[in-house]
Amino acid sequence: MPDVPDREARDADESPETEAERRRRRAQFLRELAEARELRDRVQPRRAKAARLRHAMRMRTFRW
């Protein structure tokens, strides 16, 4: 497949992502993830409660 550029050629064309851009994208992703979880919790309250209880049990049995 000669039409598909390899990774090194693609990276050479693009400027490297800065640390601030990476952090900004990560923060946006985490905000959207939290929003999706909140929506799921509102739509499925019983499942959300079960998930909270499972998480609490995991945290109680976790050894630091």
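I looked for charge on the surface and found that Arg 37, Arg 40, Arg 47, Arg 54 and Arg 58 gather in a positive patch. I took a patch as residues with over 30% relative accessible area and no salt bridge, like charges being joined within 9 Å. A salt bridge here is a side-chain nitrogen of Lys or Arg within 4 Å of a carboxyl oxygen of Asp or Glu. I placed each charge at NZ of Lys, CZ of Arg, CG of Asp or CD of Glu, with Lys and Arg positive, Asp and Glu negative, and His and the chain ends not counted.

The model is predicted: local features need pLDDT of at least 70, side-chain atom pairs count only at pLDDT 80 or more, and totals for chains, interfaces and linings use all residues. Residues are numbered from 1 along each chain as its sequence is written, and side-chain values use heavy atoms, without hydrogens and water.

Helix H2 (19-43) and helix H3 (45-61) each supply at least two residues, and H3 gives the most, with three.

I then noted the negative patch of Glu 32, Glu 35, Glu 38 and Asp 41. Arg 40 is partly exposed at 48% relative accessible area, and Asp 41 is partly exposed at 33% (buried is under 20%, exposed over 50%, partly exposed in between; 1.4 Å probe, protein chains only).

Of its 64 residues, 2% count as buried.

Technical notes. Patches are made of residues with over 30% relative accessible area and no salt bridge: like charges are joined within 9 Å, nonpolar side chains (Val, Leu, Ile, Met, Phe, Trp, Tyr) within 5 Å. Accessible areas come from the Shrake-Rupley method with a 1.4 Å probe; for residues, only the protein chains shown count as cover. Helices (H or I, at least four residues) and strands (E, at least two) are DSSP runs, numbered from the N terminus.
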